[in-house]
Amino acid sequence: MRQFPDLRNWFDISEYYEHNKCRTITLLWKDDLEEDDIQRFVVEFAKLICRLRCNGELIFEDNGEDLCYKFQQAIDNGVELEEEEKEYLAKYIFFDGIISQTKYNETKDYIESIDRDLFNGYFGEVLFYIVREQCLEDEKIMIEPSRPKTNSKQPGLDYVEIRKNEDDYYFIIGEIKTTDNTTGSYPDEIIDFLINRPVHLIHQEINAFKERTKYSGPEDLKNFISKMPIYFMSKNPTTHKRFAGVINYGRNSPPQQTVFQNFRTKCATHLYDSSECRRVKLIGIKGIQNIKERVLEVIWKNL
């Protein structure tokens, strides 16, 4: 994520502010972007997807050549991939979470088999991870999954992360939604999800945190992770437990006043009553559908 250029090239980014008793940050797509600016975002996003899916590098042959790097060069019109390389990337790197297996079984054509609903969720999750890295507050200790899920419809929570402020560690359970239109009913859907789903899934992420700190990491962090089930289930919530809603939407106008207006009341028995515990990220991209299509085009025209 650190290799992605500064989001301020494309977004007007607010300071944190209070919106409906929630700690909120807003990123809005700039109005005055030139076509070259937009294409740069598209290209950088496509290259980031490659790096994420290759986990930084992909040694394809014994000669040690990095196919991940070579594909990014191809995107920049620097090289032409061999047919064998294209097929490998299409089949093993970019298939899952982008291509519909059912459609591909019928068409045997990757582009005709793109599942845009599947990619919509993936695009939104990747964008959030960039925002988290560049824009969000406090010390970011760890997050699960450590990178966006390759398949956005994979079962599980969108993310659970541990951060540390000047006082203590805390954890955030977050849900991400992406739409080509306005925020619509997504705020209430997110709140309902955060209330109902994590009780069945949170221990998967806690166990992942335990595994990552098993042989290293400060003792106070290990102690915090061991207490996460207590913080999660307590009938007297503390600031150690927080919920977050993230919506990527297809406008570059500020959110309506009603967005997430029910966060406080619906979570009254689940969260400590502080805006710090109700967190909202609103990312408005005018023409988001076109941006997603262009990212797909950049990837698949090189395969």
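How many of the 20 residues of H5 are buried? The answer is 16, so H5 counts as mostly covered under the cut-off of under 20% relative accessible area. The legends below describe close-up views of a predicted model.

**Figure 1. Helix H5 and the residue that caps it.** H5 runs from residue 116 to residue 135. Its first and last C-alpha atoms are 27 Å apart, which is close to the 28 Å expected at 1.5 Å a residue.

**Figure 2. Ser-100, in the loop between H3 and H4.** Ser-100 belongs to the loop that joins H3 to helix H4, residues 101-107. Is this residue buried or exposed? Ser-100 has a relative accessibility of 12% and therefore counts as buried, the cut-off being under 20%. A polar atom of the Ser-100 side chain lies 3.2 Å from the backbone nitrogen of Lys-103.

**Figure 3. Crossing of H2 and H3.** Helix H2 spans residues 67-75 and helix H3 spans residues 83-93. Their axes come within 12 Å and cross at roughly 105 degrees. Because angles of 65 to 115 degrees count as roughly perpendicular, H2 and H3 are described as roughly perpendicular to each other. H2 contributes Leu-67, Lys-70 and Phe-71 to the contact, and H3 contributes Glu-85, Tyr-88 and Leu-89. Sorted by class, the residues of this contact are four nonpolar and two charged, with no polar ones.

**Figure 4. Packing of H6 against H7.** Helix H6 (residues 186-196) and helix H7 (residues 198-212) have axes 7 Å apart, at an angle of about 70 degrees. H6 is therefore roughly perpendicular to H7. Which residues make the contact? From H6 they are Phe-193, Leu-194, Ile-195 and Asn-196, and from H7 they are Pro-198, Val-199 and His-200. By class, five of these residues are nonpolar, two are polar and none is charged.

**Figure 5. Thr-24 in strand E3.** Thr-24 lies in E3, which covers residues 22-29. With a relative accessibility of 0%, Thr-24 counts as buried. A polar atom of its side chain is 3.1 Å from the backbone oxygen of Cys-22. Apart from neighbours within four places in sequence, the contacts of Thr-24 are Glu-15, Tyr-16, Tyr-17, His-19, Val-280 and Leu-282. Thr-24 and Leu-282 are 258 residues apart along the chain, yet their C-alpha atoms are separated by 7.7 Å.

**Figure 6. Glu-44 in helix H1.** H1 comprises residues 35-54 and includes Glu-44. The relative accessibility of Glu-44 is 15%, so this residue counts as buried. Phe-4 and Pro-5 are in contact with Glu-44 when neighbours within four places in sequence are left aside. Pro-145 is 101 residues from Glu-44 in sequence, and the two C-alpha atoms are 22 Å apart in space.

**Figure 7. The cis peptide bond at Pro-145.** Most peptide bonds are trans. The bond from Glu-144 to Pro-145 is cis, with omega near -5 degrees. Pro-145 is placed in the loop between strand E4 (139-144) and strand E5 (159-164).

**Figure 8. Positive phi at Lys-21 and Asn-55.** Most residues other than glycine have a negative phi. Lys-21 is not a glycine, but its phi is positive, at about 60 degrees. This residue lies in the loop between strand E2 (17-19) and E3. Its relative accessibility is 41%, and Lys-21 therefore counts as partly exposed. Asn-55 also has a positive phi, near 55 degrees, and is found in the loop between H1 and H2. The relative accessible area of Asn-55 is 54%, so Asn-55 is exposed, the cut-off being over 50%.

Terms used
Residues numbered from 1 in each chain as written. Predicted model: local features only at pLDDT ≥ 70, side-chain atom pairs only at ≥ 80, totals over all residues. Heavy atoms only, no water. Helix = DSSP H or I, 4+ residues; strand = E, 2+ residues; numbered from the N terminus. Expected span 1.5 Å × (residues − 1). Buried < 20%, exposed > 50% of the residue type's maximum accessible area, 1.4 Å probe, protein only. Polar contact = N/O pair within 3.5 Å; in protein donor to acceptor, adjacent residues only side chain to side chain. Contact = heavy atoms within 4.5 Å. Axes fitted to C-alpha atoms, helices over the stretch in contact; angles between N-to-C directions. Parallel < 35°, antiparallel > 145°, perpendicular 65-115°, else oblique. Nonpolar A, V, L, I, M, F, W, Y, C, P; charged D, E, K, R; others polar.
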